[in-house]
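Trainee: I would like to go through the labels used for this structure and ask what stands behind each one.

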Amino acid sequence: MPRIIDPIITDRLSWKGAVCVEGPKWCGKTRSCEEQAKSTFLVGNPEGNYANRNLAELSPSLALKGETPHLIDEWQEVPPLWDAVRMEVDKRSENGQFILTGSSSPRKKTTLHSGTGRITKLRMRSMSLFESGDSSGKVTISSLFNDSFEDCMTGNVELAFIAELIVRGGWPGILGYGEHAYIENSRDYINSFLSEDLLKLDDDKVRRDVRKIGYLLASLARNESTTATVASLCRDIKAATNTDVKEDTVNEYLDLLNRSFLIENQEPFTFSSRSSRRLKQAPKRHLTDPSLSCALLSLTPAKLMKDLETFGFMFEAIAERDLAIYAASLNGRLCHYQDYGNKEIDAVLELDDGRWGAFEIKLGANQIDKAADNLLKISKLITTDNPENAPAFLAVICGLSKAAYQRQDGVYILPLTALKP
């Protein structure tokens, strides 16, 4: 299935010696990169008693041989491959030589060079609704920036359908298998990380408290789409284990989860030009896919529909996952807005040229008026202080709207199941 990142990989290969595609396990990195590569070296291939890994450890340069672009899959299992690629790129002085994939980041001390100037990194996420075929793509985010948006009918969406999309997640290999498979797949994903993948992130001398890391994941799931502090995460772990845990320890655990691409922070928005408004700098915390939060909280589609408050947070999570994917394809980044006047905007998509658009994310159509009013009030405050900081657009992403349209006050209403970049 085509992925939004595919043309981005192609573009990077045209002007960089090597491209490293990083992201959570099972999100489709290898499959997408195989489409671009003309030869492949699978580090984790078990054939011949892991002959490929042994070969790469013995002589990393041997793993680099092959027609270009040459794919080296799961390079982080033999960290010296990074420096070998960097040196070979320097030696050849040609673009489009290597594609690396990685589902975790090794400790910094295991590599000698950052790869700056030779290797460019891309983040791949689980599938957006447009990639999985669950969004019609009738509405493009780019049309909001270039003033080419047109009202359109997008069709009815059932609440049960949205609940299923959240519990299923964006994992390519599970599409179409049904609710039972979706639930068990996400549980297996978490259990596999805690029992196997976690042990590979550090050397054998380091012993992590897997139980506390599991409770940390559960706390992150309960605080999905919020700016939960490390102190509040510590309190959750203490309540679950009846033992104290230091903030430094939780920060170490969060680093492990980041290196495994199991979590992703939505960073706070800051204006590109000087502004008189003081903005909070706390990140909004997400698990890499809302299906993992559902697994950690034992949520099924039926349970979500009985708990609309939790449903709302999970809907925000899936919308912001999609927006992050769409933002990357537009050379932008996804942030959130929070100031010291307790004014908040769920998501801000900022382009490289400084233009930005604001999104409120609401599950039900009955919440649209309040969300639009919030956007207009904050926009007025920002624009009054600094007219040059005015947003390019204001929009409410809604789960149950059957049309995409612009209101008389200028705010756009956008169904999530109609969006694409």
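Predicted model: local features only at pLDDT ≥ 70, side-chain atom pairs only at ≥ 80, totals over all residues.

Trainee: Why is L375 called buried?

Mentor: L375 has a relative accessible area of 0%. Buried means under 20%, so L375 is buried. Its place is in helix α14, residues 368-385.

Trainee: Which residues does L375 contact, leaving aside its neighbours within four places in sequence?

Mentor: They are I345, A358, F359, E360, L394, A395, V396 and V411. Contact means heavy atoms within 4.5 Å. For L394, there is also a C-alpha value: the C-alpha atoms of L375 and L394 are separated by 6.6 Å, with the two residues 19 apart along the chain.

Trainee: What makes β2 and β5 edge strands?

Mentor: The open sheet has five strands in the order β2-β3-β4-β1-β5, with parallel pairing. β2 (39-42) and β5 (119-123) each pair on one side only, and they are the edge strands. From one strand to the next, the twist averages 20°.

Trainee: How do you know that β2 pairs with β3?

Mentor: Four bridges join β2 to β3 (residues 70-73), and the two run parallel. Pairing needs at least two bridges, so β2 and β3 count as a pair.

Trainee: How do you know that the span of α8 is close to the expected one?

Mentor: Helix α8 (residues 210-222) has 13 residues and reaches 19 Å from its first C-alpha to its last. The expected span is 18 Å, at 1.5 Å a residue, and 19 Å is close to that. Buried residues in α8 include I213, L216, L217 and L220.

Trainee: Which residues touch the most other members of the largest nonpolar core?

Mentor: F359 and L414 do, in a core of 85 residues. Helix α13 (residues 308-329) gives the largest share of this core, 10 residues. Apart from this core lies another, of 20 residues, among them I345, A371, I378 and L394.

Trainee: What does F359 contact, leaving aside its neighbours within four places in sequence?

Mentor: Its contacts include I141, L144, L323, I345, L375, F393 and L414.

How values were computed: Residues numbered from 1 in each chain as written. Heavy atoms only, no water. Buried < 20%, exposed > 50% of the residue type's maximum accessible area, 1.4 Å probe, protein only. Axes fitted to C-alpha atoms, helices over the stretch in contact; angles between N-to-C directions. Expected span 1.5 Å × (residues − 1). Core = buried A, V, L, I, M, F, W, Y, C linked by side-chain atoms within 4.5 Å.
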